[in-house]
Amino acid sequence: ALTVSLALTSAALHPPPPLLPAPPPVDLTEPLTPLAEVLLFLSRPQTSVAAIMGIAAFVQSITGFGFSIVTYALVTQIGWIANSNTLDDIKPVAATLSALQLFLLVAPQLRTITAPANRRKLTPILVSAAISVPVGALAIAAVRPAAVLKVLGAIIVGYVGYAATGVRAPKRVVESRLAPVVCGTLAGLLTGLCNVTAPPVIMYADAAGWDKETFRANVMAVNFLATVIVVGVDVLNGSYADYFVGSFLLYSLPVYGVGLVLGNVVESRIDAVLFKKVVLAGCLVMGLKLLV
């Protein structure tokens, strides 16, 4: 009885705190402020991917290559994309936009590409690349693309160091019938495995001493053919039905167009000497990124 009495006395002396008033109901139909709308738009994955595609288009307009490398280098810095299935949606988007841009860049260069003297240089590379792209795509199941990219990165960095010395490859090696076939085969295999075409072609072109116009036109031609085949493989695999692919493409087009135009303006103002330096610098960044 004494215990009950003490408990009742304690409850009387220390009453429970009053209940807090309920918060007012939130009107979910209230429109967002303009600033909130902008922040919401910028936070969408489509916006980030669109910005990256614009940067990739700018780089490829200047050099004639590098769309996929730039795309993956930047996209993998966005943690939630890099560590989710969304990364798989990037490949068909990058391939489609790269192929469209390369078509627009290659078309004005057709006279250079189809000139008889150039055809003899380019045809073995194109044919061997076209044959080997599907082989590379089929080899994905048996080979680790990440390991291939690291080996490729080491080769590129080594080549940039070699090119910086000014030493030329032996003429008999560059002018052999086997050299362009090996170049095209490697380009096709890498495209099928990793959607990366340019490095073998760049190395061969630099060793062969192609001038700026021929260099850029031929690299773009090989890149275009290989990328179109990749797009075809993606269509057959049903990759374009993936969740984000359509919206990524739609959001990317305006920024992609701006990058393409700005890149063409910059490229028109670069002379041959500076162009080679830009290409080697781009290769060095590309190689180091693949190694990381």
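**Entry 1: a term before I start**

I began by noting that a polar contact is a pair of N or O atoms within 3.5 Å; within protein, one must be able to donate a hydrogen and the other to accept it, and residues adjacent in sequence count only if both atoms are side-chain atoms. I then looked up Ser176, and found a polar atom of its side chain 3.4 Å from the backbone nitrogen of Ala179. Ser176 sits in the loop between α10 (171-174) and α11 (178-194). Helices here are DSSP runs (H or I, at least four residues), as strands are (E, at least two), numbered from the N terminus.

I also noted that this is a predicted model, where local features need pLDDT of at least 70, side-chain atom pairs count only at pLDDT 80 or more, and totals for chains, interfaces and linings use all residues. Residues are numbered from 1 along each chain as its sequence is written, and side-chain values use heavy atoms, with hydrogens and water left out.

**Entry 2: the whole protein**

I counted 15 helices and 0 strands. Of the 292 residues, 40% are buried (under 20% relative accessible area; exposed is over 50%, and partly exposed is in between, with a 1.4 Å probe and protein chains only). For contacts (heavy atoms within 4.5 Å), I found that residues 24 or more positions apart make up 82% of those with a separation of 6 or more.

**Entry 3: two serines in loops**

Is Ser176 buried or partly exposed? Ser176 has a relative accessible area of 27%, so it is partly exposed. Ser239 is in another loop, between α13 and α14 (245-267). With a relative accessible area of 16%, Ser239 counts as buried. Leaving out residues up to four places away in sequence, I saw Ser239 touch Pro92, Asp234 and Val245.

**Entry 4: the cores**

Next I looked for nonpolar cores (sets of buried Ala, Val, Leu, Ile, Met, Phe, Trp, Tyr and Cys residues joined through side-chain atoms within 4.5 Å). Which members of the largest core touch the most other members? They are Phe65, Ile202, Phe215 and Cys283, out of 39 residues. Elements giving two or more residues to this core include α8 (116-138), α9 (145-164) and α15 (272-291). Apart from this core lies another of 19 residues, with Val49 and Phe244 among them.

How many of the 11 residues of α12 are buried? I found 9, so α12 is mostly covered; among them are Pro199, Met203 and Tyr204. Just after α12, Gly209 takes a positive phi of about 75°.

The axes of α12 and α13 come within 10 Å and cross at roughly 150° (axes are lines fitted to C-alpha atoms, for helices over the stretch in contact, and angles run from 0 to 180 degrees between N-to-C directions). The two are therefore roughly antiparallel (over 145 degrees; under 35 is roughly parallel, 65 to 115 roughly perpendicular, the rest oblique). Their contact joins Ala198, Val201, Ile202, Ala205 and Asp206 of α12 to Phe215, Val219 and Val222 of α13.

**Entry 5: α4 and α6**

Helix α4 (residues 67-75) packs on α6 at an angle of about 150°, with the axes 9 Å apart. That makes α4 roughly antiparallel to α6. On the α4 side I noted Phe67, Ser68, Thr71, Tyr72 and Val75, which meet α6 residues including Leu87, Ile90 and Ala94.
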